[in-house]
Amino acid sequence: MSRRPFEGGIWFWLSLAALVALCVIILYPLINVLASSFGAARADGRSGWQVLFAEPKYLRAVGNTVLLGLVVTLTTILIGVPLAYVTARFRFPGKALIAILPLTTLIVPEVIAAQTWLMMLGNNGLITRTLGGWGIPIPSFYGWSGLIIVMTFIYYTYIYMGTLAAIRGFDHQLEQAAQSLGASPGRARLDVMLPVVLPAVLASALLVFTLVVGNFAVATILGHKVELLSVITYQTFVSEIGNDPVMQSTLASVSIGIVALALFLQRFILSRGRYEITLGRGAKAADIRGAPALALAGAATVVVLISLLPLASVIAGAFTRARGPVMRWGEWTTANVERVLINAPDPIINTLIYAGVATALSLIFSTGVSYMLVKKRNILTPAIDYLAALPLALSGTVIGIGLVMSFNQGWLSLTGTAAIIVLAYLIRRLPFGVRNASSTLYNIPNSIEEASISLGVPPLRSFVAVVLPLMVPAIAAAGVLVWTTTVAELSASIVVYSGGRETLPIQIFRLIDSGLMAQASAYGLVLVSIILVPIIIATTLFRLDVFGAK
Amino acid sequence: MGGISIGGVSVSYAGNRIIEKLSLTIKDGAFFTLLGPSGCGKTTLLRTLAGFLPVDAGEILFGNTDVTLWPAHKRDIGMVFQDYALFPDKTVFDNVAYGLRARKRDETTIRARTGEYLERVGLSGFESRRPAELSGGQRQRVALARALVIAPQVLLMDEPLSNLDAKLRVQVRETIRDLQKEAAITTVFVTHDQEEALALSDAIGLMRAGRVEQMGTPVEIYSMPVSAYVADFVGAANVIAATTQVYASKGADVEVQMAGARIVARSVTDIPAGPVKVLARQEDVQLYAPETGSGIPGTVFRRQYLGSRTHYKVRFESDGPVLSVERTGLDHGSIQEGAAVRVVLDKARTLVVPR
């Protein structure tokens, strides 16, 4: 047998510890959810699945959710792909504006996006009332139209960024080669570019579909009479008339199944056309002038302005006088902001503490796990890799329900504590942290660590002395990213939180529910600031590439 | 100080046995090269000596000390990597001083030793630069200084020159040899470049599929290859199928039949009668005008004039093998394509090896 005096031992035990931890916090709740869906849901002993197929409300919700997912995926592609193509290939006035696009999706939490669209286009909205005053009726924003519009403008950036990266990495010479063989420029572009860019579009489309299916904030605030899976799952969970653990598990399982099916389909489509994508030099952007330039610049500006609308209206709303639910547009005040900062700062403090702890834990855990995945592979690491990526396919609501069901009582009782909120945060953002740290580690050659060891420094100290310093910029960038997405987290935390532990998104959600838009805007402004300040510090002071990390 | 003895070492990597019961001895202070094609196990053996890979069996001695079970950081080695492996966030000075600091030398000693070694590799004045601000050759010099400054018991080098361009390779090669001689550190150098191996080494171990095919001085490896594999890997050689009628003992001249002719060649080892191979380096094959009468008749079918020499391809009349011939000296390019020639293989320079 092999004689191993080496440091393999300690890493094996560490990876075993990581695997056990992941099983407890991710796999165990997931299995709980899936398993209890088969329990008796009704007095007559029917299981959750039998009820699901028997009661039309549930099937309608499933149908609506899939339909919404497909429609929004399509609309985001229709906006995101042309926008990416235009930015990659042309230079036109105002192009710099588009550079801020990725920022807007990051800094505006979904709950605020939904709220601000309501403030503008809802029944009491500024635009609705203004146009109504002129005698122009606007159809109700609640239901399908609101859901589709808001989700489209929240999610199209994912398609845009994914496609842009693919087009930029696409070797322009392929296109020229096709032209040299007699294809017309347009034809050449379609023939050679499409197969290369398609996988990227498909991958981001799947991401959008997953996000729409799992979306809780917009679905709840704007869904109105449209039944959606995430909404009735949550309602089944909180329902006061006997909350329904079996039905909630069944519904959660259905949404896991939808995402799993979408993932499978994507894999299937991609595997049918397997080819190596050679990355080369992308084409230089061409100048365009005159009317086409104006049209492009105009279209791009409209998209950007609509994306920025939530940001502008949350600022306006925060400083607008309100009497109950009625906004007095044009009358300015600082009272809303003062109230949330001085009289009711608890949600702010809670958010800072929970997200701070979760971000710190996430960085430590994902750096350690990534190190094992990249540099110290053993028979356990593939399982760790898989488990750490699993939360990507689970919506926040599902994760929240799984945690509550698993840690309600027994050997590890967390319900009602702050720990369960931190845990929910940690699980939801784990895949991002791990992916980020792994990609950095792949770029650090093993030989650097070995050089240190050969010079007499023990392995663990070598890692700390020479590898960790090289990871610091990436860890810091990941930290900013995890922070910004964690403070905005709603769908899992609203399931696991208990009274007195409201975070900013939860508080904003509750205020929207009560129609108190001005106060919601004030908290929203604080939330956006909490997100924005670290980004500004990181990108300007430390010149970190926060968005490249995404 | 002391040499290295490797006794019956077997090493596996990712479930495959890469090195099988390998034994060899490296003399104290020698510059020893592990030479072989990629995948022959030479880097695996080097990493095993460094302590980065565990052995399945066997033992490794540095001097008289059994280090088989020692982890890498305790083995007192200096290592130079193919990709330099400099710490990118540290200055040249801090890179070189790293090993001394790990050994907790006092700051005055560190300053003096680091300065001394930077001067030896010709990089005085570069102390505060970072690796990214250096050329490839300079980086490898820093790596060399970093490995040598700690005065290790053993210096290990993993293809340290392969990332440099041809001119720099020769320069850094000379630096390596000078410093190694000066310090008289037992050195193991891994390369697939036969010229590097011949130029630098006191001894070469030519590896093939996890075993040492031949050990010897550069002259022995080149002029007395024990197999067609060695002859072909170190310098180009013509390998021609032939047969012998009698048992040939090592070092004896033996008559063989090849290409329809009989020639005499020297046997490198004991070989029973039967099929053999004849080795002839291309610069050792003589071409004469057909009217001389001796030698095997053939035709030149390709000629490449290279300035200092000319390469010819010759086909035997008997439709036998194709020979590569290199001529130097006066008139080396004088034979034209299509010319009839007589091929003469000098018995002192033509070897017989087992088939």
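## The second largest cavity

Let's start with a residue list: the second largest cavity is lined by A:Val213, A:Gly214, A:Leu229, A:Ser230, A:Thr233, A:Ala252, A:Ser255, A:Ser395, A:Thr397 and A:Val398. This is a predicted model, where local features need pLDDT of at least 70, side-chain atom pairs count only at pLDDT 80 or more, and totals for chains, interfaces and linings use all residues. Residues are numbered from 1 along each chain as its sequence is written.

A cavity here is a set of points, on a 1 Å grid over the protein atoms alone, where a 1.4 Å probe fits but cannot get out; lining residues have an atom within 4 Å of a point. The second largest cavity holds about 40 Å³ of space, a volume being the space filled by probe spheres set on the points, which are joined across faces, edges and corners.

## Who lines it

At least two lining residues each come from α10 (185-214), α12 (229-238), α13 (245-272) and α18 of chain A; helices are DSSP runs of H or I with at least four residues, numbered from the N terminus. α12(A) makes the largest contribution, three residues.

Why does this cavity lie between domain 1 (56-318) and domain 2 (336-550) of chain A? Both domains give residues to its lining, so it lies between them; the bounds come from an automatic or database domain assignment.

## The largest cavity

The largest cavity has a volume of about 70 Å³. Its lining includes A:Ile25, A:Pro29, A:Leu394 and A:Ile427. α1 (8-36) and α18 (396-406) of chain A each give two or more residues to this lining, and α1(A) gives the most, with five.

Methods: Chains are lettered from A and ligands numbered from 1 in the order in which they are written. Side-chain values use heavy atoms; hydrogens and water are left out. On a 1 Å grid over the protein atoms alone, a cavity is a set of points where a 1.4 Å probe fits but cannot get out, and a pocket is an open set with protein on both sides within 12 Å along at least five of seven lines; lining residues have an atom within 4 Å of a point.
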